[in-house]
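Visitor: I am new to this structure and would like a close look at a single part. Could you pick one and walk me through it?

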Amino acid sequence: MNLQPRSTAEDNAARTDGTWESIYFQSLRADGDVLLVFSPTLGSTKGIASTPELNALLVKQSQTVDVDARNGVLKEIQELIADQALAIPLHASSLIYATTSAVHDLRIQADLYSVDFVDAWKS
């Protein structure tokens with residue numbers, strides 16, 4: 001493996017023009033839309049390791065409102081990613097938030113990184 005340290009601008013350019021062999025990325029989200037990192041049309045990363053078949057499924061899941069049907073499409077997407085080794089999970093990130101019973105209405109956002117203090121209060 002030949003690691004190539006880059007600035008953020010260089011890394012974004014490489015992700016866009018496809019001049020990379022592998023990319024480390026992590027993404028946490030409590031929704032199947034986390035898989036949009038693989039879409040060149042719907043994601044913000046220009047389709048990491050995307051294929052036409054995968055992108056068609058990603059578009060389909062983004063347009064499916066029935067929960068069971070969407071979960072079925074998401075299952076297909078995950079199986080395709082695993083079968084074609086388009087992504088290799090290295091580890092599962094975890095975050096620990098501590099509070100006391102005196103803190104109320106503290107919320108963790110869907111991205112699992114952000115804590116929302118807007119409605120929080122202490123008794």
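Guide: Happy to! Let us start with a definition: a residue is buried under 20% relative accessible area, exposed over 50%, and partly exposed in between, using a 1.4 Å probe and protein chains only. Aspartate 105, our part for today, has a relative accessible area of 40%, so it is partly exposed. Residues here are numbered from 1 along each chain as its sequence is written. The model is predicted, so local features need pLDDT of at least 70, side-chain atom pairs count only at pLDDT 80 or more, and totals for chains, interfaces and linings use all residues.

Where does aspartate 105 sit? Its place is in the loop between β1 and β2 (107–108). Helices (H or I, at least four residues) and strands (E, at least two) are DSSP runs, numbered from the N terminus. The protein has 3 helices and 4 strands, and from the N terminus on they run α-α-α-β-β-β-β.

Now look at the backbone. Phi of aspartate 105 is near 60 degrees, a positive value in a residue other than glycine. Most residues other than glycine have a negative phi. Alanine 85 also has a positive phi, near 50 degrees. You will find alanine 85 in the loop between α3 (67–83) and β1 (103–104), and with 48% relative accessibility it counts as partly exposed.

To place this in the whole protein, buried residues make up 21% of its 123 residues.

Definitions and conventions
Side-chain values use heavy atoms; hydrogens and water are left out.
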